[in-house]
Amino acid sequence: MSPTRFTNKLAGQRVLLVGGTGGVGLSVAQALLEFGATVVLSSSRAAKVKDICAALVKDHPNAEDRVSGHVCDLASPSVESNIEVLFDRVGNVDHIVYMAGDRLPMVPLDDVTLETWQKCNQVRTIAAILVVKVGTRYMKKDRRSSIVLTGGSICEKPIAGGWSMLALMGAGLNGLGRQLAYDLAPIRVNVVAPGVVETDMWHGIGMDEDGKRAFFAEHESMIPTGKVGQPEDLAEAYLYCLKDANATGVVVHSNSGTFLM
Ligand SMILES: NC(=O)c1ccc[n+]([C@@H]2O[C@H](COP(=O)([O-])OP(=O)(O)OC[C@H]3O[C@@H](n4cnc5c(N)ncnc54)[C@H](OP(=O)(O)O)[C@@H]3O)[C@@H](O)[C@H]2O)c1
């Protein structure tokens, strides 16, 4: 029996991180490189893709041939052909991790229109479905292949602040993951549902550093762990979904104990 059968579970596997240049994506990519996997990142900005790939290679100098990145704008009207071009460039993969998210949709009900609702959904749900549709053509029909979607805790634990649209999308992604696990079997499909995680995503809704600190401090005064999630915490939830060939149709929570509040 190999003494590294657990640590080597991801060695040699190709993992595409869609939206992998953000805070959580970077941590997952670092973990994957540490475990010997090959990482392919994509996001909408060429400069960001280049910078994150360079940062990963700097941290893992022996992994230059295991890091690459491609631009794929998921907010564009040509989203499906962008995804087709992406997979044409990337080729076969063992896993797809979908973690793309644009500006958080904090839209009060009075401001919801058909247009805003469609716009809110494009990157987080519509493009996710299209990535799965195109991406599965590039995956082995095997239980060691998997797809991980990203939802959020808000759909099961509402908080004040106008998050209804995000709650609907999160609940939809949980349902989508479970149904796809059935439809795409034996390829596994799981969902990671983060609580509040300390990344730059919070700057995207207009919070400056002080505003973010104040929001985190208030949240930390209520959550059982007393600390908002860190990207390296979240990375474990994704790694679990990739490694456990027996896990499919599950929602993995990493949320500082938010549900106990
Ligand atoms: N951080 C949290 O507290 C938290 C909580 C619950 C759920 N989540 C979810 O977890 C995921 C990762 O979160 P994070 O904190 O790492 O977010 P982040 O730092 O904002 O990263 C978001 C990623 O999505 C990409 N993206 C945005 N617009 C895109 C587009 N039009 N086309 C392609 N890619 C696009 C970004 O790259 P570009 O901008 O360069 O395109 C980036 O790679 C997101 O889906 C987020 O909603 C996060």
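Asn-174 is buried, with a relative accessible area of 5% (buried means under 20% relative accessible area, exposed over 50% and partly exposed in between, with a 1.4 Å probe and protein chains only). The residue belongs to helix α5, residues 164-183; helices (H or I, at least four residues) and strands (E, at least two) are DSSP runs numbered from the N terminus. Neighbours within four places in sequence aside, Asn-174 is in contact with Cys-155, Glu-156, Val-191 and Val-251, where contact means heavy atoms within 4.5 Å.

The model is predicted, so that local features need pLDDT of at least 70 and side-chain atom pairs count only at pLDDT 80 or more, while totals for chains, interfaces and linings use all residues. Residues are numbered from 1 along each chain as its sequence is written, and side-chain values use heavy atoms, with hydrogens and water left out.

The ligand is surrounded by 28 residues, the closest being Thr-21, Ser-44, Arg-124, Val-197 and Thr-199; a residue is near a molecule or strand if one of its heavy atoms lies within 4 Å of it. By class, the shell around the ligand holds 12 nonpolar, 12 polar and 4 charged residues. In this division Ala, Val, Leu, Ile, Met, Phe, Trp, Tyr, Cys and Pro count as nonpolar, Asp, Glu, Lys and Arg as charged, and the others, Gly among them, as polar.

Polar contacts are pairs of N or O atoms within 3.5 Å; within protein, one atom must be able to donate a hydrogen and the other to accept it, and residues adjacent in sequence count only if both atoms are side-chain atoms. An oxygen atom of the ligand lies 2.9 Å from a backbone N or O atom of Val-24. A polar backbone atom of Leu-74 is 3.0 Å from a nitrogen atom of the ligand, and a polar backbone atom of Gly-101 is 3.1 Å from an oxygen atom of the ligand. On its own the ligand has 880 Å² of accessible area, of which the protein covers 89%; accessible areas come from the Shrake-Rupley method with a 1.4 Å probe, and for residues only the protein chains shown count as cover. Two or more residues of the shell come from each of α1 (23-34) and α4 (114-135).

Helix α1 has 12 residues, which should span 16 Å at 1.5 Å a residue, and its end C-alpha atoms are 17 Å apart, in agreement; the expected span is 1.5 Å times one less than the number of residues. Buried residues of α1 include Val-24, Gly-25, Ser-27 and Val-28. Their cover includes β1 (14-18), β2 (38-43), α2 (46-59), β3 (67-71) and α7 (231-243). Just after α1, Gly-36 has a positive phi of about 85°.

Gln-122 is placed in helix α4. Its side chain reaches the backbone oxygen of Ser-76 at 2.8 Å. Apart from neighbours within four places in sequence, Gln-122 is in contact with Leu-74, Ala-75, Ser-76, Val-79 and Ala-127.

Most residues other than glycine have a negative phi, and most peptide bonds are trans. The peptide bond from Ala-185 to Pro-186 is cis, with omega near 10°, and Pro-186 is in the loop between α5 and β6 (188-194). Ser-256, in the segment after β7 (251-254), has a positive phi near 60° and is buried at a relative accessible area of 12%.
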